Amino acid sequence: MLFRRISAHVKEQNWTAVALDFAIVVVGVFVGIQVANFNDARREAETRAALRLELAEDLKADLAEIEGHISFSAYRFAAAEALVGRVTGWQLPDAFPAEFGTTVPLARPGQAWPEEAADALFFSQRYTTFDVERRVYDTLVATGELDITDDRQLVEDLRAYYLFAQNWRNTEDTTFRNTHDRLRARFKENGLTFYEQVSWEALDGLVAEDLELTGLLKSTAYDASIQVATMEDFQDIVSDLLARLQAE
């Protein structure tokens, strides 16, 4: 209809009407483009908000995982330290050499020694690792859609967190897992599995006689203390990321 009217005005050489009609067309196209851009921006904002929500749920799952990891590692620390400490008086040192003549403090998990021998046997072999929830993050990286916020520092901190978590898991798998497997094998060589109902007298005698077992228990206590301290650091990192993500 509008284009027929423009054609008629051209034939009539009514240039004012032609200019007015042309202006109407231009304004209409401009408004249409702006509406389309607005709708696209709204859909993009909704998508980014939904992805932030999904990522926040993963971080909440990580916090629950971290809490459990701290608990089990603290129990393992106390059980391993008790098995050695009852026989030799050994406890995890308060500090560790950083360089010649200087030391750094070691974290001692605030967990009392077990009262039952069976608990010490079981929890000294109760091993856990930090399985970070990467489903949403890996999907965002694979699709190139990690820019779910305008806060560039938050994006970089998320990248750093998931890299740190992966590197830490590699450390657990290659270092702490080895100590754990060797400890279990050593107990098994002595006829003891997880669930044995054993006395303190029997365990004390075994630790006193088996120097390799004693060394593995010391390593287990040390490893567990490092895991607890690291998980507490992760707890702070994840809590901060979650708060910032939810504030978007």
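The bend at a residue is defined as the angle between axes fitted to the seven residues ending there and the seven starting there. In this predicted model, local features require pLDDT of at least 70 and side-chain atom pairs pLDDT 80 or more, whereas totals for chains, interfaces and linings use all residues. Residues are numbered from 1 along each chain as its sequence is written, and side-chain values use heavy atoms, without hydrogens and water.

Helices are DSSP runs (H or I, at least four residues) numbered from the N terminus. Helix 5 comprises the 38 residues 152-189 and reaches 54 Å between its first and last C-alpha, close to the expected 56 Å (1.5 Å times one less than the number of residues). A kink of about 40 degrees is centred on Arg177 in this helix. Gly191, with a positive phi near 80 degrees, follows the helix.

The largest nonpolar core has 30 residues, and those with the most contacts inside it include Leu55, Tyr162 and Phe234. Such a core is a set of buried Ala, Val, Leu, Ile, Met, Phe, Trp, Tyr and Cys residues joined through side-chain atoms within 4.5 Å, buried being under 20% relative accessible area (1.4 Å probe, protein chains only). Helices 2 (15-88), 4 (135-143), 5 and 7 (211-246) each give two or more residues to this core; the largest share, eight residues, comes from helix 5. Beyond its neighbours within four places in sequence, Leu55 is in contact (heavy atoms within 4.5 Å) with residues including Val136, Leu158 and Leu245.

Technical notes: Buried means under 20% relative accessible area, exposed over 50%, partly exposed in between (1.4 Å probe, protein chains only).
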